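Please consider the model below together with its sequence.

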Amino acid sequence: LFADIAGRRIEYRPIPGPAERRPIVLLHEGLGSTTLWRDFPDRLARRLGRPALVYSRFGYGGSDGLDGPRTARFMHEEALDVLPALLDRLGIVRPLLVGHSDGASIALIHAADAGRRVEGVVLMAPHVMVEPVCVESIGRIARTYETGDLRARLARHHARVDDAFRGWADIWLDPAFRDWSIEEEAGRLAAPALLIQGLDDEYGTLDQLDAIEARAKG
């Protein structure tokens with residue numbers, strides 16, 4: 001399905017559930033899409049007995065492409081402009097936000113600064129600062145994007161695969177992005193929060209969770 005947001009199309013998939021329960025809204029990682037979640041949203045919705053929504057941000061999946069190079073505020077734009085418009089368009093109120101990586105950072109920013117109530121946030125491998133390990137890992141994968149099979153594998157899930165990959169990699173590798181931080185936003189996070197970090201995650205460390213825990217009020 002597609003929703004019109006300011007004249008542009010966003011791909012989304014609703015997962016049915018009890019209408020009286022607050023919905024789960026899932027926000028994908030930096031190379032994700034509705035289909036790359038695979039069956040995780042469906043299993044989560046069944047386990048919690050809630051309806052759910054998955055969607056592809058602009059440049060990803062079947063959504064319309066990027067309208068220009070991303071800036072250092074691309075996650076704020078998603079959290080404070082696009083996500084509220086999509087929730088209003090679909091009539092979703094006070095969701096439980098479940099975000100992964102970039103999607104977790106977007107969920108945090110939305111919960112902290114959008115001025116809208118959320119039931120809670122589940123932040124899986126969130127970024128609140130740029131760590132050297134993340135830049136190094138993205139640099140390695142960017143060097144192989146054109147020469148290996150990654151582009152072809154991603155193209156199965158993204159109609160505009162260069163928007164998806166280059167839009168993500170280029171901004172994270174931009175030297176101007178090294179000072180990016182949402183630690184102040186974490187200090188305004190008052191919603192209940194579940195923080196999850198993989199010990200072997202090549203894009204981030206437990207320092208990200210420690211920074212949120214030290215500041216969040218939820």
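This is a predicted model: local features need pLDDT of at least 70, side-chain atom pairs count only at pLDDT 80 or more; totals for chains, interfaces and linings use all residues.

Residues are numbered from 1 along each chain as its sequence is written, and side-chain values use heavy atoms, with hydrogens and water left out.

The account begins with helix α2. Helices are DSSP runs of H or I with at least four residues, strands are DSSP runs of E with at least two, and both are numbered from the N terminus. With 17 residues, α2 spans 22 Å from its first C-alpha to its last, close to the 24 Å expected at 1.5 Å a residue; the expected span is 1.5 Å times one less than the number of residues. The helix carries a kink of about 35 degrees at Val82, shortly before the proline Pro84. The bend at a residue is the angle between axes fitted to the seven residues ending there and the seven starting there. Both Val82 and Pro84 belong to the buried residues of α2, which also include Phe74, Met75, His76, Glu78, Ala79, Leu83, Leu86 and Leu87. Here buried means under 20% relative accessible area, exposed means over 50%, and partly exposed lies in between, computed with a 1.4 Å probe on protein chains only. Just after α2, Gly91 adopts a positive phi of about 70 degrees.

Helix α3 is the packing partner to be considered next. Its 12 residues reach 16 Å from the first C-alpha to the last, close to the 16 Å expected at 1.5 Å a residue. This helix is mostly covered, since 11 of its 12 residues are buried; among them are Asp102, Ser105, Ile106, Leu108, Ile109 and His110. Just after α3, Gly115 takes a positive phi of about 70 degrees.

How are two packed helices described? The description uses the angle between their axes and the distance between the axes. For α2 and α3 (residues 102-113), the angle is about 70 degrees and the axes are 9 Å apart. Axes are lines fitted to C-alpha atoms, for helices over the stretch in contact, and angles run from 0 to 180 degrees between N-to-C directions. The arrangement of α2 and α3 is therefore roughly perpendicular, a label that covers angles of 65 to 115 degrees, whereas angles under 35 count as roughly parallel, over 145 as roughly antiparallel and the rest as oblique. On the α2 side, the contact is made by Phe74, Met75, His76, Glu78, Ala79, Leu80, Leu83, Pro84 and Leu87, and α3 contributes Asp102, Ser105, Ile106, Ile109, His110 and Asp113. Contact means heavy atoms within 4.5 Å.

Within α3, Gly103 is buried at a relative accessible area of 0%. Leaving aside neighbours within four places in sequence, Gly103 is in contact with Leu27, His28, Glu29 and Arg57. The C-alpha atoms of Gly103 and Gly32 are separated by 9.1 Å, although these residues are 71 residues apart along the chain.

Arg94, in the loop between α2 (74-90) and β5 (96-100), has a phi of about 50 degrees and is partly exposed, with a relative accessible area of 27%. Ala125, in the loop between β6 (120-124) and α4 (132-144), has a phi of about 55 degrees and counts as buried at 10% relative accessibility.

Ala125 is also one of the residues in contact with Gln197, as are Pro126, Gly204, Thr205, Leu206 and Leu209, with neighbours within four places in sequence left aside. Gln197 lies in the loop between β7 (193-196) and α8 (207-215) and is buried, at 12% relative accessible area. The side chain of Gln197 makes a polar contact of 3.1 Å with the side chain of Asp201. A polar atom of the Gln197 side chain also lies 3.2 Å from the backbone oxygen of Gly204. A polar contact is a pair of N or O atoms within 3.5 Å; within protein, one must be able to donate a hydrogen and the other to accept it, and residues adjacent in sequence count only if both atoms are side-chain atoms.

Finally, Arg8 is located in strand β2 (residues 8-15), and its side chain reaches the backbone oxygen of Gly65 at 2.4 Å.
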